[in-house]
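This report is meant for a reader who is new to the structure shown below. Please keep the sequence and the model in view while reading.

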Amino acid sequence: MRKTAGVFLLSLLFACGQADRVPKDVLAKDKMRDILLDMNYAEVYGRDQGIDTVRVADSIREENVKRYYVQILQLHGISREEFQHSYKYYEHHPDKLEEVYKEMQEIVKRKREVVDSLERKEDERKNGIPGRTRRDSLYWPRADSMILTLP
């Protein structure tokens with residue numbers, strides 16, 4: 001009885017240590033995250049092309065997106081079959097796929113914050129807002145706007 005309980009506990013400890021790992025023939029979470037992130041960017045880029053200028057048929061957009069997918073897989077050095085096998089594994093393990101998507105969301109959020117801050121700085125530079133000083137809740141006018149011209 002003790003041997004059976006010991007073997008059970010040992011196998012339970014071993015299984016718990018393997019919970020976060022993926023099999024060797026499956027892409028690691030980081031690699032899968034990067035590929036899926038690139039594919040999402042390609043999807044957005046492929047779908048948004050031509051909106052302002054010329055109407056593009058959906059079939060042509062789909063072909064463009066497929067072409068981008070092939071290029072992304074080549075960029076990451078994996079085959080279509082390797083990706084599909086790994087994606088099926090993650091589909092069957094939704095907790096791991098959810099972790100991958102959460103990491104993707106964090107990356108997109110951080111990139112968005114950087115882009116927003118750069119856009120804000122550019123707007124401030126163009127509009128001259130940094131020259132203002134703040135007193136209580138009012139903005140004091142810039143020195144060059146203090147010139148009063150009378151008729």
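## Basis of the model

This is a predicted model, in which local features need pLDDT of at least 70 and side-chain atom pairs count only at pLDDT 80 or more, whereas totals for chains, interfaces and linings use all residues. Residues are numbered from 1 along each chain as its sequence is written, and side-chain values use heavy atoms, with hydrogens and water left out.

Helices here are DSSP runs (H or I, at least four residues), numbered from the N terminus.

Apart from its neighbours within four places in sequence, I35 is in contact (heavy atoms within 4.5 Å) with L27, I72, L73, H76, I78 and F83.

## Aromatic pairs

Three aromatic pairs are found in a search of the whole structure; rings of Phe, Tyr and Trp (its six-membered ring) pair if their centres lie within 6.5 Å, and planes under 30 degrees apart count as stacked, over 60 as edge-to-face and the rest as tilted. The rings of Y45 and Y68 have centres 5.8 Å apart and planes at 55 degrees, so this pair is tilted. It links distant parts of the chain, since Y45 is in helix α2 (residues 29-48) and Y68 is in helix α3 (residues 58-76), 23 residues apart.

With 19% relative accessibility, Y68 counts as buried (under 20% relative accessible area, with exposed over 50% and partly exposed in between, for a 1.4 Å probe and protein chains only). The rings of Y89 and Y90 have centres 5.5 Å apart and planes at 80 degrees, so that pair is edge-to-face, and both Y89 and Y90 are buried.

## Salt bridges around R33

The whole structure holds seven salt bridges (a side-chain nitrogen of Lys or Arg within 4 Å of a carboxyl oxygen of Asp or Glu). R33, which is buried at 15% relative accessibility, forms one with D30, where the closest N and O atoms are 3.5 Å apart. E103, partly exposed at 28%, forms another with R33, at 3.1 Å between the closest N and O atoms. Since E103 lies in helix α5 and R33 in helix α2, this pair ties together parts that are 70 residues apart in sequence. D30, R33, D34 and E103 are linked in a network of salt bridges.

Terms used: Helix = DSSP H or I, 4+ residues; strand = E, 2+ residues; numbered from the N terminus.
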